[in-house]
Amino acid sequence: MVPMGHRRRWQAAGILGGAVLALGLLAGQLWLTLHLQWTNREPLADSAIGFNFSCDQAEYLLLEEPGAGPDGHAPDGRPGRAEWCAEVLRELIERTGIRLVRLSVQWDEVEPEEGRYDFSVIEAQLDAVRAAGATANVSIGMKAQRHPEFYIPAWALEGVELREWMDLSSVPVLRERALRMVSTVAAHLAGRPEIDSWTAENEGYIASHRAHHYHLGRAYVAEVAETIRRADPQGRPVAINHAQHYVYDRRWRDALADADVLAQSMYPRRNGSVLGRPVVVDIMQLGWLMPNYAYQAREARKAGKQFWVTELQAEPWTDGDARLISPERPSRNLSPETMLKNVAYARRTGAERIYLWGAEWWLYQEHRFGDGRWLEAARAAAAGAAE
C-alpha cells in the first residue's frame, strides 16, 4: 500500500504536470496563431504609395497656435487661401517623391450657398497635383477627411431636425441636396485629367464620434457612387472606403458589391492602459479578432475589382493636441520606424494602393522642430523600404 503522503505528492505532481502541459499547449497555439496569421505570413506586395491631404489640417498645424484661441485661428475666407493650400500640397509632393494624392471636396466649402459653387480650393490643389506630375483620388459627399468629418453647409440643414446616431441620408431633403451637389461637382471636375479615381463619401458607413455619431446608409452611399459614374464620361473607378475595426464587421462586403474599388482604413497602433499604465497595442497581432485584409483583397480581385488602403496610420494617434508632440516630447504611439512597420502591414494585404495618413503632420514636424525623420520615412515608404 502506498503511504498517504506519497499518494498526495503524486497527485500534486500530476496536477502540476497537467497544468504545465496545458499552458504549453496554449502557448504553442498562441505562437501558431501569431506566426501563421496573414500579417506575418503574406508576402509584401509592390503597392503604390500615396498620401491624404486636407487644407484644413495643414492650416491647423502650420498656421494656428496651440492655446491662442480666436487670435490664432486661420479663417477660411482669408485672401490667398486656395493658393496657400496648393503650395503646401506642392511642397509635400516634392519633398516625399509621392505621386498619388487623395483629396476631399468639402460641401460647405464648394457650395456655401444653395446653387452657388466655389471650386477655387479644390481646383488650386488639382492644379498643384497636375504641375507635379501626380494624380489624385477625389472624394465627394457629405463626409470628408479630418475634423469634423461632416461638412454640411448650414443652408442644407434648414428644415432638418438632427439627433444623435442619426442616419443623415434617411432625411429626404438632405439626401436630395447632397446628391445634387455630388452630381454638379463630379460633372465639373470630370474634365480634370489629373483625377485618376473617385471616392463616394469618406467612411460613409462609420458613425462619426466627431459629429454626434451621424452616419450614412448603404443605399445612399451606393447612389453617390452611381451619381459620380453618371457624371464621369471617362469611367474612372469609384472607391467606397470603410474603417473595419474587428472581424465581425461585414460591411466591407457591401462596399465591395457597390464600388469599383474596396478600400479600408488601417490604424494598427492603439493607445490603452494596463493597471493604470499607458501602453500601445499593436492590434494587427490580435489574431482572429482582426479583419483579414489579405482575404478581402483576394475577394476583390476575384470580383474583377481592386483593394486599396485609403488611410494608413502614419502620424501618432493622440487624444490631445498633436501640435504638442515634438522630438523632445515624442509620442509613445508611433515613431518613424513603427510607421514603416505599418506600411509593411498594409503591403501584406496585397493592396494596389496605400495612402498614408498624416502628411501635413510630417511637414509640421520639420517646419516647427526641424525634425525631418517623418518625411524621410515617407520617402522610404514610397521607395519600397517598408519591411
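A disulfide is a pair of cysteine sulfur atoms within 2.5 Å. The model shown is predicted, with local features needing pLDDT of at least 70, side-chain atom pairs counting only at pLDDT 80 or more, and totals for chains, interfaces and linings using all residues. Residues are numbered from 1 along each chain as its sequence is written, and side-chain values use heavy atoms, leaving out hydrogens and water.

**View 1. The disulfide between Cys55 and Cys85.** The whole structure holds one disulfide. Its sulfur atoms, from Cys55 and Cys85, sit 1.6 Å apart. Cys55 belongs to helix H3 (residues 55-62) and Cys85 to helix H4 (residues 81-96), so the bond ties together parts 30 residues apart in sequence. Helices are DSSP runs of H or I, at least four residues, numbered from the N terminus. Both cysteines are buried (under 20% relative accessible area, 1.4 Å probe, protein chains only).

**View 2. The largest nonpolar core.** Such a core is a set of buried Ala, Val, Leu, Ile, Met, Phe, Trp, Tyr and Cys residues joined through side-chain atoms within 4.5 Å. Helix H7 (residues 172-189) gives the most, eight residues. Another core lies apart, with six residues, including Leu100 and Trp308.

**View 3. Helix H6 (residues 120-131).** At 1.5 Å a residue, times one less than the number of residues, the 12 residues of H6 should span 16 Å; the end C-alpha atoms are 16 Å apart, which agrees. Buried residues of H6 include Val121, Ile122 and Leu126. Gly133 follows H6, with a positive phi near 75°.

Conventions: Buried < 20%, exposed > 50% of the residue type's maximum accessible area, 1.4 Å probe, protein only. Helix = DSSP H or I, 4+ residues; strand = E, 2+ residues; numbered from the N terminus.
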